[in-house]
Amino acid sequence: MPFLRREAPDENGVSRSVIVFRLLPLGEVLTTAEDTPVPAASSRPPRVTKVMAAATNEPRSDSQTSTGNQNRITSARMPWVSQTALMFPTLHALRELGGRADIDAIAAHVADQLGLTQQQREIPNPGVDTRPKFDYDLAWARTKLHTDGLVTNPSQKIWSLVESRTTPEDELAKSHFLKTPKEAEEVPFEMFGGEDVRRTSERKVRTNQATFRFDVLARYGCECAVCSIDESVLIEAAHIVPKADNGSDDVRNGLPLCLLHHKATEKNVALIRIHPETLEVICTGGRSYEELRVTKSSLEELPKLPNKEALEYLWEATGAHLADE
Ligand SMILES: [Zn+2]
């Protein structure tokens with residue numbers, strides 16, 4: 001946690017509580033209601049693999065159960081874990097392929113998104129289907145998306161996105177809200193380690209951005225964390241530890257914020273700050289909630305909370321910016 005080694009910002013009134021907070025053990029998952037292990041659903045096999053290594057080699061500060069371990073082992077063998085977990089990658093594949101594609105192109109794109117090896121793509125599905133498990137699960141995902149009205153099947157083997165007021169991707173996120181698997185809560189939070197954008201292909205960057213948005217909207221809902229705007233075209237998936245600071249795409253490093261409040265909370269703007277411990281939404285420079293159109297005084301109104309370390313990082317960064325002004 002590099003930010004712990006920094007000098008504390010010299011701020012009147014608030015620095016005391018920040019320092020006290022830093023002395024507390026960090027790293028635990030914020031929530032308590034999310035400890036129940038459930039079948040994991042991950043669309044990101046590389047992260048799951050990393051987590052397995054971390055779980056083996058490092059002491060864990062978050063809650064971990066034998067069922068959680070079981071899930072992780074399953075995750076490593078079957079990177080897409082569940083049929084439901086293939087729904088978003090299927091939509092994203094269709095998006096990237098121009099809104100319409102045949103099932104082979106979709107399968108290749110999804111496999112690429114998930115980083116599947118040919119061997120993983122060919123894992124058989126005995127007793128269920130003659131197709132490999134991947135193709136069978138993809139077919140299930142397409143059927144489910146079709147049932148949900150998010151894709152159509154205009155001719156044999158051809159599928160297309162159904163565009164409406166919001167994108168099918170956002171519609172799927174909304175339908176997953178409050179019933180998403182809790183896999184993200186079971187693994188240690190990674191604050192940094194976003195891929196180096198300069199060395200990542202444009203397509204991979206788009207996939208990461210789209211996946212992060214989907215994860216954020218599915219976890220927190222499609223309403224701004226500090227006001228009541230819920231028009232999805234006005235909602236962005238904000239990184240709490242900014243991408244520019246190598247902030248990770250861990251969903252707990254995210255918040256749904258409207259365009260206005262995304263800008264207002266950026267570390268180099270800091271019109272609005274969020275206290276990492278009390279979760280209070282604070283307008284800086286004597287500005288009022290009315291002036292900045294804030295209608296939620298605390299992040300506690302969110303159905304799930306972001307990671308405390310990430311909020312602490314942003315608190316320090318915004319504090320440093322205000323001190324420089
Ligand atoms: Zn807002």
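## Model confidence

pLDDT is the predictor's confidence in each residue, from 0 to 100. This structure is a predicted model, and the chain has an average pLDDT of 80. A score of at least 70 is reached by 73% of the residues. Over residues 1–76 the pLDDT is below 50. In the model, this stretch has 99 contacts beyond near neighbours in sequence.

## Overall make-up

The chain has 325 residues, of which 39% count as buried. Its secondary structure consists of 12 helices and seven strands. Among contacts in the chain with a separation of 6 or more, 68% are between residues 24 or more positions apart.

## Helices α4 and α8

Helix α4 covers residues 87–96 and helix α8 covers residues 168–176. Their axes lie 10 Å apart, and the packing angle is about 170 degrees. Angles over 145 degrees count as roughly antiparallel, and α4 and α8 are therefore roughly antiparallel to each other.

On the α4 side, the contact involves M87, F88, L91, H92 and R95. These meet P168, E169 and L172 in α8. By class, five residues of this contact are nonpolar, one is polar and two are charged.

## Helix α12

Helix α12 runs over residues 308–324.

The buried residues are K308, E309, A310, L311, E312, Y313, L314, W315, E316, A317, T318 and G319.

Note on methods:
Residues are numbered from 1 along each chain as its sequence is written. This is a predicted model: local features need pLDDT of at least 70, side-chain atom pairs count only at pLDDT 80 or more; totals for chains, interfaces and linings use all residues. Axes are lines fitted to C-alpha atoms, for helices over the stretch in contact, and angles run from 0 to 180 degrees between N-to-C directions. Helices (H or I, at least four residues) and strands (E, at least two) are DSSP runs, numbered from the N terminus. Angles under 35 degrees count as roughly parallel, over 145 as roughly antiparallel, 65 to 115 as roughly perpendicular and the rest as oblique. Two residues are in contact if their C-beta atoms, placed from the backbone, lie within 7 Å. Ala, Val, Leu, Ile, Met, Phe, Trp, Tyr, Cys and Pro count as nonpolar, Asp, Glu, Lys and Arg as charged, and the others, Gly among them, as polar. A residue is buried if 20 or more other C-beta atoms lie within 10 Å of its own, exposed if 12 or fewer, and partly exposed in between; C-beta atoms are placed from the backbone. The expected span of a helix is 1.5 Å times one less than its number of residues.
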